[in-house]
Amino acid sequence: MRRVEHVMGFPVSLRVDDEDFPAAAADGLFAWLREVDARFSPFREDSEVCRLDRGELDPDRLSPHLTEVLGLGERYRTATGGAFDVRLPGRRLDPCAVVKGWSVQKGAELLRAAGARRFCLNAGGDVVAAGGPWRVGVRHPEHAGRLCAVVPLTDGAVATSARYARGDHILDGRTGRPSTGLLSLTVTAPTLTEADAVATAAFALGADGVPWAAALPGCELFAVTADRRVLRTPGFPADGSGQVAA
Amino acid sequence: MKRALPVLILTVAGLVPVWRHAPADEAPATAAPAPAPTVSTVPGGTTRVVAGPSVDTEKGAVQVEVTLDGDRITGVRMLRQPDHPQTTAAVPTLIEETLEAQSADVDTVSGATVTSDGYRESLQAALDAQGS
């Protein structure tokens with residue numbers, strides 16, 4: 001089964017290889033992602049996030065999901081010394097960077113609960129895969145139609161943050177200015193909750209983010225620096241990636 | 001875990017100038033307590049392997065070895081590290097490679113594909129079209 005829908009502002013591609021996987025379960029996944037968009041989008045005035053930001057919600061009585069999302073944001077703000085922050089000064093509350101990975105990971109768990117064993121879920125370039133082998137290409141930061149690495153993945157997640165998507169859209173919360181030290185950063189982790197948050201947080205840190213993410217247990221990374229060098233951890237599961245600089 | 005990382009970075013950062021300015025016959029630096037780094041050259045290349053001084057930390061001694069190609073660090077290896085699980089997990093080793101463009105047979109593509117325009121031109125769009 002294959003499905004593609006636009007949710008939360010990006011395309012979500014689902015492939016489930018299990019025979020007779022119920023279409024209703026795929027519907028459930030996309031319904032969950034639409035619910036997440038309605039509740040946590042900073043661009044919808046009636047979302048929980050916007051209402052909290054306007055002071056219309058009691059911070060002590062938030063929904064468990066919103067509490068979880070804000071907890072994730074706080075965890076990575078602390079871990080990056082403020083470079084990653086869902087509450088940048090002068091801007092509205094924007095937890096998108098943690099909501100995406102968290103909600104897609106939860107969506108993958110819905111698929112699993114419905115009986116999916118071999119599936120690949122790609123939400124705007126962030127991937128959760130199960131029951132591999134799967135081959136996940138990493139988009140080349142300068143050529144949309146080319147790859148710069150291929151990750152063999154059995155069960156796990158791959159997330160990429162990059163400047164090519166929306167220009168300099170990831171801000172370093174320590175300075176309030178766009179983070180420009182890296183062209184792209186790809187992180188593998190057991191869950192997309194972690195891979196996506198780490199990729200965005202490390203990108204916000206710029207060049208400092210490479211050793212920071214490399215030190216996180218369970219995370220492997222592949223970074224392309226602004227001067228077009230690749231830095232990766234030895235455990236990054238790349239097939240036929242760039243040659244080791246001699 | 002958070003303590004080990006700055007130690008490594010400082011140790012590595014400290015090595016590069018040491019190597020650059022350490023020809024064999026140079027006079028010893030003033031009252032340097034640490035042993036001089038050892039440098040070995042891989043035959044037939046510009047790659048050099050430099051072992052840094054051992055640095056004492058509250059968890060134990062740390063010593064790293066870096067592989068340099070010219071001034072670029074292409075590899076870092078721990079020679080000594082405190083026998084502590086957190087420290088072991090925290091030591092980041094990075095490999096430097098050249099950026100290559102390739103085409104390959106893949107099932108899906110990871111990339112920051114945010115807009116619909118980006119998606120249309122992307123490989124993932126091609127893969128979705130192929131499979132439907």
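**Note on the predicted model of chain A**

1. Of the 246 residues in chain A, 50% are buried (20 or more other C-beta atoms within 10 Å of the residue's own, C-beta atoms being placed from the backbone; exposed means 12 or fewer). This is a predicted model, in which local features need pLDDT of at least 70 and side-chain atom pairs count only at pLDDT 80 or more, while totals for chains, interfaces and linings use all residues. Residues are numbered from 1 along each chain as its sequence is written, and chains are lettered from A in the order in which they are written.

2. The average pLDDT (the predictor's confidence in each residue, from 0 to 100) of chain A is 91, and 95% of the residues score at least 70. Over residues 241-246 of chain A, pLDDT stays under 50. Where pLDDT is low, the predicted coordinates should not be read in detail.

3. Chain A has six helices and twelve strands (DSSP runs of H or I, at least four residues, and of E, at least two, numbered from the N terminus). The C-alpha trace spans about 60 × 50 × 30 Å along its principal axes.

4. Helix α1 (residues 23-40) of chain A has 18 residues. Its buried residues are A26(A), L29(A), L33(A), V36(A) and F40(A). They fall within an arc of 85° seen down the axis of α1(A), so they line one face of the helix (the arc is that of directions from the helix axis to the C-beta atoms). On the other side of α1(A), A23(A), A24(A) and D27(A) are exposed.

5. Elements packed against by the buried residues of α1(A) include β1 (2-7), β2 (10-16) and α4 (96-113) of chain A.

Notes
Two residues are in contact if their C-beta atoms, placed from the backbone, lie within 7 Å. The expected span of a helix is 1.5 Å times one less than its number of residues.
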